[in-house]
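Please look at the sequence and the structure shown here before reading on.

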Amino acid sequence: MSQNQNFLDTRSIVIIALMLIAFFAYLIKIYDLTQEVHTRDAAELQAAVVERIRPVGQVDRSREVQKISAPTVKIVPEPEPVATAISGLQVYNMACIACHSAGVGGAPITGDVVAWSERIARGAAMLKKNAVQGYIGSVGYMPPKGGRPDISDAEVEAAVDYMINESK
Ligand code: HEC
């Protein structure tokens, strides 16, 4: 009887051992499955979701970027000082000659020493200020910069210097 009992014990130990192994295998499998659920937050799965829900179309701005970047590269080597250095004579011929060669509206004629002597006596600074800002004098109206606001103050002043030198 005791032998039989031992046999049963050995068999039940084996059965229990098998059941334990099966149980641990089951636990390991459950652990695997739950880990998989958690990996849905992983970066590559998130990327896959973003890829699935991304918009159908996108505006192609690659050409625009080229357009913007191309001229900024070009601007650098462009020679600047060509337009800025206009002589007094050039400004005079461009903006002043219309009135000051024929005396339009009482404008003092360039080269008329008598007409300019009184004005030159008031000082070049005053004449330049009046030419830049414009003024109404005793004989007529001198428009600011001769009606050419695109000309710089320095260019108008250069033209005044030219007129003074021609009228001394
Ligand atoms: C639309 C005609 C007109 C144009 C264009 C013109 N002027 Fe005159 N300017 C006048 C007249 C008119 C006077 C005289 C005003 C007065 O003394 O009553 C005058 C006077 C002047 C005087 C004398 C100022 C003073 O204080 O006595 C200067 C200097 C002068 N002009 C410079 C210029 C220059 C430089 C230009 C070109 C950038 C120019 N003008 C273009 C009509 C003109």
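What percentage of the 168 residues in the protein is made up of buried residues?

## Basis and fold

This is a predicted model, in which local features need pLDDT of at least 70 and side-chain atom pairs count only at pLDDT 80 or more, while totals for chains, interfaces and linings use all residues. Residues are numbered from 1 along each chain as its sequence is written, and side-chain values use heavy atoms, with hydrogens and water left out.

Buried residues make up 16% of the 168 residues in the protein, where buried means under 20% relative accessible area, exposed over 50% and partly exposed in between, with a 1.4 Å probe and protein chains only. The protein has seven helices and two strands, taken as DSSP runs (H or I of at least four residues for helices, E of at least two for strands) numbered from the N terminus. Along the sequence, these follow the pattern α-α-α-α-α-α-β-β-α.

## The iron site

H100, through NE2, and M142, through SD, coordinate the iron atom of the ligand at 2.0 to 2.1 Å; donors are N, O and S atoms within 2.8 Å of the metal (3.2 Å for Na, K and Ca), and water is not among the atoms, so sites may look incomplete. The pair links distant parts of the chain, with H100 in helix α4 (residues 88-100) and M142 in strand β2 (residues 141-142), 42 residues apart.

The site has six donor atoms with angles of 86 to 179° among them and is octahedral, a term for six donors whose opposite members are over 155 degrees apart, with all other angles between 65 and 115.

H100 and M142 are both buried; H100 counts as such because its relative accessibility is 9%. Leaving aside residues up to four places away in sequence, H100 touches Y92, A107, P108, I109, T110, W116, M142 and M163, a contact being heavy atoms within 4.5 Å.

## The largest pocket

About 490 Å³ of space lies in the largest pocket, and 29 residues line this pocket, with H100, A107, P108, Y135 and M142 nearest its centre. The elements giving two or more residues to the lining are α4, α5 (113-121), α6 (124-133), β2 and α7 (153-166), and the largest share, five residues, comes from α4. A pocket is an open set of points on a 1 Å grid over the protein atoms alone, where a 1.4 Å probe fits, with protein on both sides within 12 Å along at least five of seven lines, and lining residues have an atom within 4 Å of a point.

Methods. Four donors count as tetrahedral if all angles lie between 85 and 135 degrees; four count as square planar and six as octahedral if opposite donors are over 155 degrees apart and all others between 65 and 115; anything else is irregular. Grid points are joined across faces, edges and corners, and a volume is the space filled by probe spheres set on the points.
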